[in-house]
Every structure is written in structure tokens, then in C-alpha cells.
Amino acid sequence: MKAKTIGFTSPSSVLTSHSPVHTSRGLSPLTFQKLKKIVGPAHCTEKKEDRVCYAYDAAASAYLPDAVVFPQNAKQISEILKLANEERFAVIPRGAGSGMTGGSVAVRRGVVLVMTRLNRILNIDKNNLIAFAEPGVVTGHFHKAVEQQGLFYPPDPASSEFSTLGGNVAECAGGPRAVKYGVTRDYVLGLEAVLPTGEIIRTGVRTAKGVVGYDLTRILTGSEGTLGVITRMTLRLLPLPETIKTITAFFDKIDAAAETVSEIIRHRIIPRTIEFMDNASIRCAENYLNIGLPTEPEALLLIEVDGTEAETASAVNALELLCLSLGAARVETAKTKADAANLWKARRAVSPALFQYGPHKINEDIVVPRSNIPDMVRKISELRDKTGLFIASFGHAGDGNIHFNIMLDKKNKTELEKADAAVDALFDYTLELGGTISGEHGVGITKSPYISREIGSAELHLMKKIKVVFDPGGILNPGKIFPE
């Protein structure tokens, strides 16, 4: 995204009971000098051209911070947070800025705390199947590093080639492999974090079991940078699967593809991924990459299995027969790693490719029980026909996580009203089916207005009290999660 296309939004000065920090009016020269002294002049900037680069994330709402700092360690972060409490400015932790809900933008101005200098893999312990890493490590680099040791870190968000481990932990990222292996929280054994008040804490264990005290690791994981700044992680690893097979099933009827997802699980086959793409997503990816994907099918399923050679061969055979029996027009097994990589390249290209069809995107990541995927797919098709909007759906169908993307021009009032109504309808239907309005993107600012539809008032009040305990000054990532 180019800076000139950003429409900067004036930060809100509305306060909530858990967040007493008012909108910043800018840092004083003395405060900025103190920040420079903490991190060094080369790692602190208040130049507008630099601040613009850290004013937005993938949600595309932009808020200009007062300064951007690049700390090197937990001690520096502790000093910054103590200064923020003393001088009443907000601090916003940031990884790679790939979040989809505005979680790393400076809605109350203040200082963006960029974590990319904390980028070391500290140790890979093959004997105990754990690794120690800093939050700025790029997730894809971590995957490769542990795989070189014959080990496996399953969480694999679509952004893994540029998102960071710290951001993944803060958002409790998922990804295609969640259907078999779970999400990020299932692999976080312990954390080092700096509390908003400046204390450095260590949570969790490095062992397979540990139940002493409250589980602070789980509280921090998925807290979207509102309760603490993660500076080190202890991550659980698995042995690297012996072999992986990738198959693609093409369907002339989208309902048949959706029904097949549930049937795969009912037949006690647990692939490591079951990805779904509707026709709009297929056409987008093919137009973007030109890799030879057929664009006639209404839907495709991209399925991977892993295990021993015998296990994967048996699973592929069973999946091919099952998909064909349930209406697949054809099923293809990738012959080489390059063929499989091309298919995944297409799947990961869908989101950026959608901008062919509109300058703006509304990107939501609902989750429904697997058995209700056909209902949700039909609902999305119904809304597409009713509104006339370009709506694409794709995602991690194996765990019920469907991404629906509405492409539009937000300057067109009629289109925007239709899109907002479609989101409302889909969120209501998701909850009616027993689902959740966010499977992996978090709440941030974009889903904050909807949180009370899913979370009751007593539960929200309890969450706000937890925020106050961790952050009595309300300085850490204010304005996120809770509606204002």
C-alpha cells in the first residue's frame, strides 16, 4: 500500500473505564529525547515520512503515531513502558503489520513499538522438542530452521512468509494446518513479557506438563498486545512428518464441495489441511498467477495429508474415492513438490489478487461447526445474489474457518451500505449456527463494534477488569478489542 492512498483517521478521544490515557497531542521534545536515550538515536524517529510507514496494517485504516521506536531487548521495552506511564502516552506493539483488524495501529497516537530487532532463534532443543525464539523472527524462517533439524512447527498463517512469531502469538494465529494440529496457543509453552507497568515476567514451563498457578501464558496468547509485550517464547515442536501428499478436488457444484468437507471428517480421515476456494477465488488466483488452474469449477478443495509413506498413500486413495463419490468432477494428486507449491501459491494469492475487483476490501474470518459449512456457503451465495456485490469465499474449511471478502469502492455510499448489511447478516447467521465472528484475525478495531453480539456483558466486564489489572494506566495498545 502506498502512503499517498491512505486516508488518515483522526484518533478518538473517547475514553472507557479501563483506559484512562487520553488521545496524545504529540510527544514533547524532552520525552522524545528520553526515548532516543533508551533505544539509541538510530532506532527512534519522529519524521513524518517514517511515521507514515507505521500508520497502518493490513486492515488499511491509518492512524499517524507520534513516534516510532525499535527496541533491542526486554530492558529497553521496560524503560519505554515506565516512561509512558510517567508521561501519559500510548505504546502500540507491532510485528510485521500484517494483521487484518487494525490491532497494531495508533488509534490514540503515541509511540509504535516495532519488534523486528528482536529476531533471534535462541535455541532449538531436539532432545525435548522445544525451541526458544524472540518475537521478531519471521514465521516462515522459523519453519525452515526447525525443519532443517528434522522437526516441525505446525502453525502456518497465510502470512507466514512475512508475519512474525510474536504477532502470531499475540493474535493466536491459525492457518491451514489447524484442522489436524491446532492453532498457535497449542504450541506456546511459556513466555517472557514486559507488563504495561514495566515489570518483566516469565510465564509457563518448558516441560510437557505444568499446572502451577493460573495459566498466564494462555491469557497473554491472543491478547492482541493489550496486556503485555512479548519478548521471548518457548515453543513446542513435533517430529517432522515423513511425507506429505497434496490433492485437489474440483467440483461443478459448490454445495457438493461444502458437503464433502464434513464427510471427510465423518469418515475418520483427518488431513492436515482442507482448504476451500469458490469460483470467484479460483478465477482471482488464476488471473493473478497464470499457473493453469481451471476456472470453470464452482469450487475446489485443496487437501493435504501427512505421515508415513503407507499412511499417506492410504489416505490419498480414500480421499480420491470419497471426493469422486460425493460429486467431484475430477481429483488430481500433485506429482512433485513444485506442483504442490504452485497450488499453495495459488491459495495464498487469493487475498491480494482480489484487489483486481475493487479498490477496497472487507475481510472477515468467521468460523462455524464443520457440519454447518454447507449452510454458510449457501448463505454467502444468497447474499452475493441479493446485493450484487463481488463476494469471494475461501479458507480453512477443515476447521470451519471461512474467509469471506467483499470487494467494493467505499466511496460509493450504496455499495458500502450493502456491504455493511451483508457483514451484519453473516455475523448474525454465524452466531445462529453456533460459530464465532473471528477465528484467527482477532478483534482489534474492525470487529470491536460486534464483540457484544458474541460475548455477554458479564464476560466483557470481567475481561475489562483483567485489562485494568495488567495495565492500570491504560497505556498499552489502547482503543482495541473493547467497543468505545
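**Legends to close-up views of a predicted model**

Of the contacts (heavy atoms within 4.5 Å) between residues at least 6 apart in sequence in the protein, 73% join residues at least 24 apart. The model is predicted: local features need pLDDT of at least 70 and side-chain atom pairs count only at pLDDT 80 or more, while totals for chains, interfaces and linings use all residues. Residues are numbered from 1 along each chain as its sequence is written, and side-chain values use heavy atoms, with hydrogens and water left out.

**View 1. The whole chain.** The protein has 15 helices and 18 strands; helices (H or I, at least four residues) and strands (E, at least two) are DSSP runs, numbered from the N terminus. Its radius of gyration, taken over C-alpha atoms, is 23 Å, close to the 23 Å from the globule rule for 484 residues, so the protein is as compact as a globular protein of that length. The globule rule is 2.2 Å times the number of residues to the power 0.38. The C-alpha trace spans about 70 × 60 × 45 Å along its principal axes.

View 2. Buried residues (under 20% relative accessible area, 1.4 Å probe, protein chains only) make up 56% of the 484 residues. The protein exposes about 20700 Å², of which carbon and sulfur atoms supply 52%; the areas come from the Shrake-Rupley method with a 1.4 Å probe. There are 56 positive and 54 negative side chains, with the centres of the two sets 6 Å apart. Lys and Arg count as positive and Asp and Glu as negative, without His and the chain ends; each charge is placed at NZ of Lys, CZ of Arg, CG of Asp or CD of Glu.

**View 3. Strand β12 and its partners.** Strand β12 (residues 243-251) has 7 of its 9 residues buried, so it is largely enclosed by the rest of the structure. With strand β14 (residues 299-307), β12 pairs in the antiparallel sense over 9 bridges; pairing requires at least two DSSP bridges between two strands. Phe 250 has Leu 300 in β14 as its bridge partner. β12 also pairs with strand β15 (residues 328-333), in the antiparallel sense over 5 bridges, and there Ala 249 is bridged to Val 331.

**View 4. Loop residue Arg 109.** Arg 109 lies in the loop between β3 (91-94) and β4 (111-114). Its phi is positive, about 60°, although Arg 109 is not a glycine.

**View 5. Loop residue Arg 268.** The loop between α8 (254-266) and β13 (273-278) holds Arg 268. Phi of this non-glycine residue, Arg 268, is positive and near 60°. Arg 268 is exposed (over 50%), with a relative accessible area of 78%.
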